[in-house]
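Please look at the sequence and the structure before reading on.

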Amino acid sequence: MKKVFAMLLTGVMMFTMAGCSKPAAAPAPAAEAAAETKTEAPAEEAKTEEAKPAEAKKLVVGYSQLGAESEWRTACTNSVKGEAEKRGVDLKFSDAQQKQENQIKAIRSFIAQKVDVIGVSPVVESGWETVFKEVKDAGIPLVLVDRKADVPEDLYACFLGSDFKAEGERAAEEMATLLGGKGNIVELQGTVGSSAAVERLEGFKAVIESKYPDIKIIKSQTGDFTRAKGKEVMEAFLKSDGKNIQGLYAHNDDMAIGAIQAIEEYGLKPGTDIKIVSVDAVKGAFEAMIAGKLNVTVECNPLLGPQFFDVCEKIVAGEAVEKYIPSEEGIYRQETAAADLPSRQY
Ligand code: AHR
């Protein structure tokens, strides 16, 4: 009897113990995973891992800027760098100091670093085919920013920038109005072989020759888009043609500002004795207009950073982009310069 009672007691105890260790309900998969983590890692470590969001891969972009020759270029560089920072892009930036060989070196280093996209502002139009083919072979999309390159279209994803020819045409119409359709003009060209200089010359010349037969372009020479060179070349123009000059067309504001100094030193009044039209619409041009020394500036927008990174992100996401993305531009005249200046960003 004692034996039977002892066996019954052991059975009841075993049943009770088994019931206690059994989970109340099967855990949900996530809770199960968490529980697993908890058993494998110390409590603190597990907490940090849970809180950490999955890290998105940073966009890596190589940008070969052609130089720092003008106020415009500085604004363009600041726009690209500022936008990269804002978006958390890993930007590899290189300033070529107006030398194509430096740009080619930079592009090759971007290839070696396996960046996601390469942006290039080509100093001149020709001589890019070999290195752009290397970029294509590496499977890296290339975006032309600000200036064009003379290469087959399949070597770049898109060109983002201004219509330089249209800027030249607008400048010609403004000059014709200022001169009343009659007079002699001298021209300060941008960097030889750059798309900005080639097309600004083409557009201007085409309008003057076709519509204004009494306006003559008597001298045209490069000032390399810099103030110093603009001044130097204007001095030479004044030396050879002096009071025979009624108008100056400068491919950018910096050269016009340099030329203004030369005109004053020569003893003439810039903006009055010699009408001046230039391109860019940087702050320095507005100050010169307010002082009555510059007549008109045709806008060329350097704030290309946001549009550039929009394009990069689209390309990397596999979205289609337009082959040409134009930047928005206007024309600014002396009469409204004081009112316009406070709202200028560059
Ligand atoms: O390519 C744009 C031109 O380059 C700007 O008009 C000029 O100022 C700059 O140097």
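How many Å from an oxygen atom of the ligand does a polar side-chain atom of Ser70 lie? The distance is 3.1 Å, a polar contact being a pair of N or O atoms within 3.5 Å. The ligand taken alone exposes 280 Å², of which the protein buries 100%; accessible areas come from the Shrake-Rupley method with a 1.4 Å probe.

This is a predicted model, in which local features need pLDDT of at least 70 and side-chain atom pairs count only at pLDDT 80 or more, while totals for chains, interfaces and linings use all residues. Residues are numbered from 1 along each chain as its sequence is written, and side-chain values use heavy atoms, with hydrogens and water left out.

The residues around the ligand (those with a heavy atom within 4 Å of it) include Glu69, Trp72, Asp146, Phe164, Asn252 and Asp280. By class, the shell holds four nonpolar, two polar and six charged residues; Asp, Glu, Lys and Arg count as charged, Ala, Val, Leu, Ile, Met, Phe, Trp, Tyr, Cys and Pro as nonpolar, and the others, Gly among them, as polar.

Domain 1 (60-162 + 303-328) and domain 2 (164-300) both contribute residues to this shell, so the ligand lies between them. The domain bounds come from an automatic or database domain assignment.

Terms used: Polar contact = N/O pair within 3.5 Å; in protein donor to acceptor, adjacent residues only side chain to side chain.
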